[in-house]
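Q: Could you take me through a few packing details of this model? I'd like the definitions spelled out as we go.

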Amino acid sequence: YPCSEQDAKTLAALQVQEEFGDVPMPVDSCSYLKGQLGKYLSAKVLEDGELEAMEENMLKLYAKLAGYSPQEARLSYLDYVKSWKIYGSSYRIAASGILSPSRRRPSRG
């Protein structure tokens with residue numbers, strides 16, 4: 001689903017909180033995110049930004065989630081996504097052109 005860069009970072013921080021629990025203090029000692037942003041952010045988000053700044057931003061968001069249990073982080077992730085207007089939408093590729101009568105599916109009746 002398409003989402004903004006900020007949405008992607010927020011969701012990534014919730015994933016990290018669910019997986020690792022509270023961020024270690026000081027925040028700079030959090031080594032398990034170094035070089036691992038690709039596990040939590042899409043390639044498109046990563047190619048559009050500066051990796052060090054993005055990592056720093058992720059750590060700040062992650063630190064704000066201190067105290068969330070794994071279950072609370074999962075539920076917050078789901079609630080966040082459910083709030084999007086496109087939540088539950090399905091995308092399909094439309095066929096180009098109109099099918100000739102001989103290629104139409106028989107009607108059920």
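**Aromatic pair and helix packing**

A: Counting rings of Phe, Tyr and Trp (its six-membered ring) as a pair if their centres lie within 6.5 Å, there is one aromatic pair. The model is predicted, so local features need pLDDT of at least 70 and side-chain atom pairs pLDDT 80 or more, while totals for chains, interfaces and linings use all residues. Residues are numbered from 1 along each chain as its sequence is written, and side-chain values use heavy atoms, leaving out hydrogens and water.

Q: How are the rings of Tyr80 and Trp84 arranged?
A: The ring centres of Tyr80 and Trp84 are 6.3 Å apart and the planes are at 75°, so the pair is edge-to-face (planes over 60 degrees apart; under 30 is stacked and the rest tilted).

Q: And is Trp84 buried or exposed?
A: Trp84 is buried at 17% relative accessibility, whereas Tyr80, at 25%, is partly exposed (buried is under 20%, exposed over 50%, partly exposed in between, with a 1.4 Å probe and protein chains only).

Q: What does Glu55 touch?
A: Glu55, found in helix H3, touches Leu33, Lys34, Gly35 and Leu37 (heavy atoms within 4.5 Å), not counting residues up to four places away in sequence. Glu55 is buried, with a relative accessible area of 15%.

Note on methods:
Helix = DSSP H or I, 4+ residues; strand = E, 2+ residues; numbered from the N terminus.
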